Amino acid sequence: MNQIDPDQVQVILATDCGSTTTKAILIQKLEGVYRQTHRGEAPTTVEEPFADVTMGVINSVTEVEELSGRKLVDESGRIIQPASGDEGCDIYISTSSAGGGLQMMVAGVVAEMTAASAKRAALGAGAIVMDVISANDKRKPHEQINRIRELRPDMILVSGGTDGGNTTQVVQIAELIAPAKPQPRFGKEFTMPLIYAGNKDAAPLIEKVFDESIDLSIVPNLRPKMEMENLGPARDMIHDMFLEHVMAHAPGYDKLMGWTDAPIMPTPAAVGNILQRIAKDKKINVVGVDIGGATTDVFSVFDKTFNRTVSANLGMSYSISNVCAESGMENILRWVHFDMDERELRNRVKNKMIRPTTIPQSKEALIFEQAVAREALRLAYIQHKEFATTLKGVQQQRTVGDTFSQEAGGQTIVDNMKLNLLVASGGVLSHAPRMHQTALLLVDAFEPEGVTHLAKDSIFMMPHLGVLAEVHTKAAVEVFEKDCLIYLGTCVAAKGLGKPDKLCFTFTLRGDTLNESGEMNFGDIRLLPLGPEETATITCEPSRNFDLGAGPGKKIEQEVRGGTVGLILDARGRPLRLPVDRPACQKAIAKWVDAIGLYPEPEEALV
Amino acid sequence: MAKAYTPGLKVTNRITHRCRRILPIDGEVLVEVGDEVGARDIVAQTFMPGDVIPVNLANLLSLPPADVTECMLKQKGDKIEIGDPLARTKGIFGMMKNTYVSRHAGTIEAVSEVTGQIILRGEPIPVQIDAYLAGRVVEVLESQGVVIEADVSFVQGIFGIGGEAHGRMTMACERHDQELTADLITEEMNDCVIIGGARMTYEAISKAREVGAVAVVSGGMDDQDLKDFLGYDLGVAITGNEDVGLTVIVTEGFGEIAMAVRTFKLLKSREGDIAAVNGATQIRAGVMRPEILIPLSEEEKAHEQESGHSEGLLEIGRPVRIIRDPYFGMIGEVGGLPAEPQTLDSGSKARVLEVALDSGESVVVPRANVELIEG
């Protein structure tokens, strides 16, 4: 990899090799500021008949070349480096989730403690966790061994025990894995990488358990003490193993690795990376979501703690049927403000599952698809909240004063009242015909409280910027702010419940373009115009049952920023409860749809 | 721009089809290149390592793990039968000894002094792979399996459940748009691949299973019927391992939908022939669709191959199927390919195409919402 002087960098090329599409973006320094200027995409070429990822990369870069007029690929089919005149780039980087991404199995002694920490480490490194094996996962040992035999992960992470503690149990876990002789997903000649990140005293015993069919790496314990996690070394080793083993065996990646100026990163790890940097730089709490066809990833940074979850079967095409099965059709239909035939809908859902690339043609189909998306996002966020917790199994010293607020370990650290920025990405959110739909999907599914900024990733650029941040932080942060995020606006929502049409909060807005005051009754939602780059100061006084961030009944004053949608004042209450009675629910939804202007008649449309 | 690419399902009278028959782990290939094989002939075999049973002797005999080795009555590598004494404690002054008698058969693979656990490995499990498709072996992949080639009539379905099966093709419906109901299934359809027309009902599939049919193929089915038949709601489209007594293949989609005329005619023309069918469907990462393969006889092979369009090319005049509401299931020809994106009723902008329906009507739909009927 080339030595890069950040000040000399003028042109950056980045690709993300997804399962189906390879996306390339070009970043150029224009008048002293880094901006994303062009993008291109092409089908990913990891699978037969091409079996060479670089073909898709070159195809996507060629599209950028054609659009920008800048020559980026030479006659031998290589990316031109460094930049000179109208040719080449100074930095080339890439992420990858092709071939299903990084798939891991993790194991620990206790499901809620070391196994949970191991899972957190794997997810944070961008992996899909296929299964978690632990001594108390309610399966019998032979069932666990059979499961390990069935799985074909890319690598295994084993943890267990605190340093200096009992060694027997973690060795017992290793003794389940060794005879199962897990087979890697790629390549017969490839030995299965296994990372041991458990009790350091057990490491010599673990070495004896595995033979040459396992490539064992030992890293510092990811849970050295009960009250402490140390996930960094395990995550770093996962990345190293990802490059050395998984990427090196995926078709064409050996070539691609020789081209890049930074190690290829799993796509979700890169997204997590950029969100953590933004949270740190701006000192804010962030939640990001990426809803795809098969899975939904949720990322959060609260009080500097990063968490990522992958809801493996919550998605909008391949997994749409599973969303309906998990949520129940009645929960999906509560977001639809007209009658639909359930039997017919079940068939439509399955047809989308088996033909995942189709798009809604009619407004009715769009409304139903967005109803499914609300439930997929809601369920994924519930799973995230359950996973992103304080450490379990920690002994806590209590005083008499704690008697009435005894908080056990394992409380979620996700606090919607503290959430400052909610970022959306993924087809159903990014490609909604109106950004108003994206905004309300986020508000309905995540139920932000207090004052929360809403944004979407314009062209799913976060992965590129996540890996760019590793080599050129300034460029990554500048592009993130100026081109990656499209601010939709701000949501101001009251926490609490009340009686319909009774006062929830009063508000006064002062700004250059928006000066208004009024009352919001319980059950109301309102959209006020506040455009991109515009800000205003809002003062709200909630009724005594409601909280906007300062406590029940306490006044808040805060700056809100506008966006392509505007300012949403939400007095529907938190938690958001929809009427159980179907006609009443339809009426409520219809009122909200109308208030936000979700589905206006298009001027000229195909029927 | 008058051309665009879109995927489609293959329905063809004649194609040279290859299938790979690969063992899950290395083993022995039993045939050679050039051999003619029948669908049920075994072409490769191996033995999977036996099941693993961990037995924690330290816990069972209340011993410190380090003492387990010296209490063992059998050693690493020894074969054990059910009822064999495995280990015995030393007791107190040689008295009150405890013996552990094995509840499992197998070979001792490991004894751990750290955990006091022994690992018993069961007998190797034989695995055999049949040819599935009657044809000629064209490639032997050493220790792994073979590639078999045959000239076949080939129909790809859109969704299926159940795995590989073979049987004689028999028609239950007379028309492509006739619903497949239970009264059309007869006892004579035992061991057959039953061909329906439009939607197949739950009662029809259940009856097919009762009479011992190996597979049912029809245009559509209700998701509710699939749920009732499987006994659970299918979440993701990864199928093939269902143990439901027969293979079910849907050629068009879910709901009230007739089989494409072309597919129906092709299947009808091969009535009485032996077909290899597989319901396995996988929509993610390496798409796999269910299939019906009907090997051609020598005289059929001599016929001219029908000329087709370029694969995947969406061009004027090509037959297409609309795969999304509000025109779901309708079949027609590409009538026009406007270059500019248009606003849909949903409010989205998308590239569209005009479809001249078989009914004579012309409709405009997003290009993403059609698939080619390949042939």
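In chain A of this predicted model, eight strands build an open sheet with mixed pairing. Their order across the sheet is S13-S12-S11-S14-S15-S16-S22-S19. The edges are formed by strand S13 (305-311) and strand S19 (524-528) of chain A, each of which pairs on one side only. From one strand to the next, the twist averages 15°.

One residue pair can be named here: A:Asp524 has A:Ala571, in S22(A), as its bridge partner.

A helix contact in chain A is described next. The axes of helix H8 (residues 267-282) and helix H15 (residues 462-471), both of chain A, come within 7 Å and cross at roughly 70°. Angles of 65 to 115 degrees count as roughly perpendicular, and H8(A) and H15(A) are therefore roughly perpendicular to each other. H8(A) contributes A:Thr267, A:Ala270, A:Val271, A:Asn273, A:Ile274 and A:Arg277 to the contact, while H15(A) contributes A:Met462, A:Pro463, A:Leu465, A:Gly466, A:Val467 and A:Ala469. By class, the residues of this contact comprise eight nonpolar, three polar and one charged.

The contact between the two chains involves 49 residues from chain A and 50 residues from chain B. On the side of chain B that touches chain A, the elements giving two or more residues are strands S6 (52-56), S10 (106-111), S11 (117-121), S20 (247-254), S26 (342-343) and S29 (362-366), together with helix H4 (223-230). That side of chain B has 26 nonpolar, 14 polar and ten charged residues.

The domain assignment divides chain B as follows.

| Domain of chain B | Residues |
|---|---|
| Domain 1 | residues 9-45 + 146-301 |
| Domain 2 | residues 52-121 |
| Domain 3 | residues 307-374 |

Taken over C-alpha atoms, the centres of domain 1 and domain 2 of chain B are separated by 51 Å.

Confidence values complete the account. The model scores ipTM 0.85 and pTM 0.84. Chain B has a mean pLDDT of 88, with 93% of its residues at 70 or more. Over residues 1-5 of chain B, however, pLDDT stays under 50. For this stretch of chain B, the model has 13 contacts beyond four places in sequence.

Terms used. Residues are numbered from 1 along each chain as its sequence is written. Chains are lettered from A and ligands numbered from 1 in the order in which they are written. This is a predicted model: local features need pLDDT of at least 70, side-chain atom pairs count only at pLDDT 80 or more; totals for chains, interfaces and linings use all residues. Axes are lines fitted to C-alpha atoms, for helices over the stretch in contact, and angles run from 0 to 180 degrees between N-to-C directions. Helices (H or I, at least four residues) and strands (E, at least two) are DSSP runs, numbered from the N terminus. Angles under 35 degrees count as roughly parallel, over 145 as roughly antiparallel, 65 to 115 as roughly perpendicular and the rest as oblique. Two residues are in contact if their C-beta atoms, placed from the backbone, lie within 7 Å. Ala, Val, Leu, Ile, Met, Phe, Trp, Tyr, Cys and Pro count as nonpolar, Asp, Glu, Lys and Arg as charged, and the others, Gly among them, as polar. Two strands pair if DSSP finds at least two bridges between them. pLDDT is the predictor's confidence in each residue, from 0 to 100. Domain bounds come from an automatic or database domain assignment.
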